[in-house]
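User: I've got this one open and want to go through its helices with you. Can we start?

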Amino acid sequence: VYEVASTRGGEAAVAHFKKLRAERTHYLREDEMNNAGYALLRARRVADAIAVFQLNVDAFPKSSNAHDSLGEAYTSKGDKKRALESYRRSVELDPNNAGGKAAIQRLERELRSK
């Protein structure tokens, strides 16, 4: 997924993953997809990172970490509303997510001050 995302973009990576999953020829673990998303985020390819993190959330909807990572990518994009939604879901799934709780407080404060 990372190779396709880094060369052809996030939408192509999503299509590639869905094709592989439908063919049952390859399985990506949650952490592999998360690592691909962070590699894209570090490369400042935020839209592609969001596409990969969203794919991870879709594949692993009960993963607090997947939602947390998507929240981080939305924060990098400046989309505070979607970031807040992702962090809230992350904390709902894992009430011990201190980083997610801190992000929620910070984002709520920033949104109120607008």
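User: What caps the N-terminal end of helix 7?
Analyst: Asn97 does. One of its side-chain oxygens lies 3.3 Å from the backbone nitrogen of Gly99. Bear in mind that this is a predicted model.

User: How far apart are the end C-alpha atoms of helix 7?
Analyst: They are 21 Å apart. Helix 7 covers residues 98-112, which is 15 residues, and at 1.5 Å a residue these should span 21 Å, so the two values agree.

User: Which residues of helix 7 are buried?
Analyst: Gly100, Ala103, Ile104 and Leu107. They cover an arc of only 105 degrees around the axis, so they sit on the same side of helix 7.

User: Why would residues spaced like that point the same way?
Analyst: An α-helix has 3.6 residues a turn, so residues three or four places apart point the same way.

User: And which ones are exposed on the other side of helix 7?
Analyst: Ala98, Gln105, Arg109 and Arg112 are exposed there.

User: What covers the buried residues of helix 7?
Analyst: The cover includes helix 5, residues 64-77, and helix 6.

User: Let's take helix 5, then. What is Thr75 in contact with, leaving aside its neighbours within four places in sequence?
Analyst: Thr75, which is found in helix 5, is in contact with Ala83, Tyr87, Arg106 and Leu107. Leu107 is one of the buried residues of helix 7.

User: How far is Thr75 from Ala103 in space?
Analyst: 9.3 Å, C-alpha to C-alpha. In sequence, Thr75 and Ala103 are 28 residues apart.

User: What does the side chain of Thr75 have 2.9 Å from one of its polar atoms?
Analyst: The backbone oxygen of Gly71.

User: Why is Thr75 called partly exposed?
Analyst: Because its relative accessible area is 27%.

User: Moving on to helix 6. Is Ser86 buried or exposed?
Analyst: Ser86 is in helix 6, residues 80-93. It counts as buried, because its relative accessibility is 7%.

User: What does Ser86 touch, not counting residues up to four places away in sequence?
Analyst: His67, Leu70, Gly71 and Tyr74. Gly71 is also the residue whose backbone oxygen lies 2.9 Å from a side-chain polar atom of Thr75.

User: Now the other end of the chain. At what angle do the axes of helix 2 and helix 4 cross?
Analyst: At roughly 30 degrees. Helix 2 is residues 10-23, helix 4 is residues 46-59, and their axes come within 8 Å. The two helices are therefore roughly parallel to each other.

User: Which residues make that contact between helix 2 and helix 4?
Analyst: From helix 2, Gly10, Val14, Phe17 and Arg21. From helix 4, Asp48, Ala51, Leu55 and Ala59.

User: Is Val14 buried or exposed?
Analyst: Buried, because its relative accessibility is 18% and the cut-off is under 20%. Leaving aside neighbours within four places in sequence, Val14 is in contact with Ala51 and Leu55.

User: How far is Lys18 from Leu55, C-alpha to C-alpha?
Analyst: 9.2 Å in space, and 37 residues in sequence. Lys18 is in helix 2 and is partly exposed, with a relative accessible area of 45%.

User: Which residues of helix 4 are buried?
Analyst: Asp48, Ala49, Ile50, Ala51, Val52, Phe53, Leu55, Asn56 and Val57. The buried residues of helix 4 pack against helix 1, helix 2, helix 3 and helix 5.

User: How far does helix 4 reach, first C-alpha to last?
Analyst: 20 Å for 14 residues, close to the 20 Å expected at 1.5 Å a residue.

User: What covers the buried residues of helix 3?
Analyst: The cover includes helix 1 (2-8), helix 2, helix 4 and helix 5. Among the buried residues of helix 3 are Met33, Asn34, Tyr38 and Leu41. Helix 3 itself runs over residues 30-42 and reaches 18 Å.

Terms used: Residues are numbered from 1 along each chain as its sequence is written. This is a predicted model: local features need pLDDT of at least 70, side-chain atom pairs count only at pLDDT 80 or more; totals for chains, interfaces and linings use all residues. Side-chain values use heavy atoms; hydrogens and water are left out. Helices (H or I, at least four residues) and strands (E, at least two) are DSSP runs, numbered from the N terminus. Buried means under 20% relative accessible area, exposed over 50%, partly exposed in between (1.4 Å probe, protein chains only). Contact means heavy atoms within 4.5 Å. The expected span of a helix is 1.5 Å times one less than its number of residues. The arc is that of the directions from the helix axis to the C-beta atoms. A polar contact is a pair of N or O atoms within 3.5 Å; within protein, one must be able to donate a hydrogen and the other to accept it, and residues adjacent in sequence count only if both atoms are side-chain atoms. Axes are lines fitted to C-alpha atoms, for helices over the stretch in contact, and angles run from 0 to 180 degrees between N-to-C directions. Angles under 35 degrees count as roughly parallel, over 145 as roughly antiparallel, 65 to 115 as roughly perpendicular and the rest as oblique.
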